[in-house]
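Open the model in your viewer and keep the selection tool at hand. We will go stop by stop.

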Amino acid sequence: MAQAWAAAGTATAVALVSTAAAVASPQPVARAAGRCSLASEYFKLGPTYAEKLNVSGTNCATGVNVIKAYNRCRLKSGGVKGYCHSKVLGFSCSERRQSSGVQFIAQARCTKGRTVVTFTYSENT
């Protein structure tokens with residue numbers, strides 16, 4: 001009977017050590033690509049409206065932070081009609097605009113390595 005308890009104790013110890021090792025070892029974090037909802041904050045992110053946000057290799061919270069940082073950079077570089085020409089949060093960004101007399105709609109793409117954040121925003125001018 002003592003041998004059975006010893007064997008059970010050894011098996012439990014091995015399982016605990018294996019579990020602890022698995023928890024302690026660094027694991028890659030899976031990040032899904034996809035569309036993020038901006039429904040509750042599309043008008044709170046800096047531009048007049050942030051309408052679409054897609055991320056790849058990161059999460060939606062990072063995408064929202066990129067929108068905010070990009071808009072701050074853009075405003076520093078010329079106000080409402082300004083362009084951002086420097087990195088934001090380590091991302092390099094570019095954008096395309098379609099303009100009318102009172103507003104423009106822009107599509108921005110920001111990349112950092114394999115991580116991509118794309119968003120569409122409109123700005124009343």
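Partly exposed means a relative accessible area between the buried limit, under 20%, and the exposed limit, over 50%. This is a predicted model.

Start with Leu89. Its relative accessible area is 49%, so Leu89 counts as partly exposed. Leu89 sits in the loop between α2 and β3. Check its phi: near 55°, a positive value in a residue other than glycine.

Now show the strands. Five of them form an open sheet in the order β1-β2-β5-β4-β3, with antiparallel pairing. β1 (34–36) and β3 (92–99) are the edge strands, each pairing on one side only. From one strand to the next, the twist averages 20°.

Select 49–56 and 115–124. These are β2 and β5, joined by seven bridges in the antiparallel sense. Pick Lys52, and find its bridge partner Thr120 in β5.

α2 lies across β1, β2, β3, β4 (103–112) and β5, at about 50° to β5.

Finish with the cysteines. There are three disulfides.

- Cys36 to Cys60: S to S is 2.1 Å. The link is left-handed, with -85° about the S-S bond. Cys36 is in β1 and Cys60 in α2, so the pair ties together parts 24 residues apart in sequence.
- Cys73 to Cys84: the sulfur atoms are 2.0 Å apart. This link is right-handed, with 90° about the S-S bond. Cys73 belongs to α2, and Cys84 to the loop between α2 and β3.
- Cys93 to Cys110: S to S is 2.1 Å. The torsion is about 115°, so this disulfide is right-handed. Cys93 lies in β3 and Cys110 in β4. Cys110 is buried, at 0% relative accessible area.

Technical notes:
Residues are numbered from 1 along each chain as its sequence is written. This is a predicted model: local features need pLDDT of at least 70, side-chain atom pairs count only at pLDDT 80 or more; totals for chains, interfaces and linings use all residues. Side-chain values use heavy atoms; hydrogens and water are left out. Two strands pair if DSSP finds at least two bridges between them. Helices (H or I, at least four residues) and strands (E, at least two) are DSSP runs, numbered from the N terminus. Axes are lines fitted to C-alpha atoms, for helices over the stretch in contact, and angles run from 0 to 180 degrees between N-to-C directions. Contact means heavy atoms within 4.5 Å. Buried means under 20% relative accessible area, exposed over 50%, partly exposed in between (1.4 Å probe, protein chains only). A disulfide is a pair of cysteine sulfur atoms within 2.5 Å.
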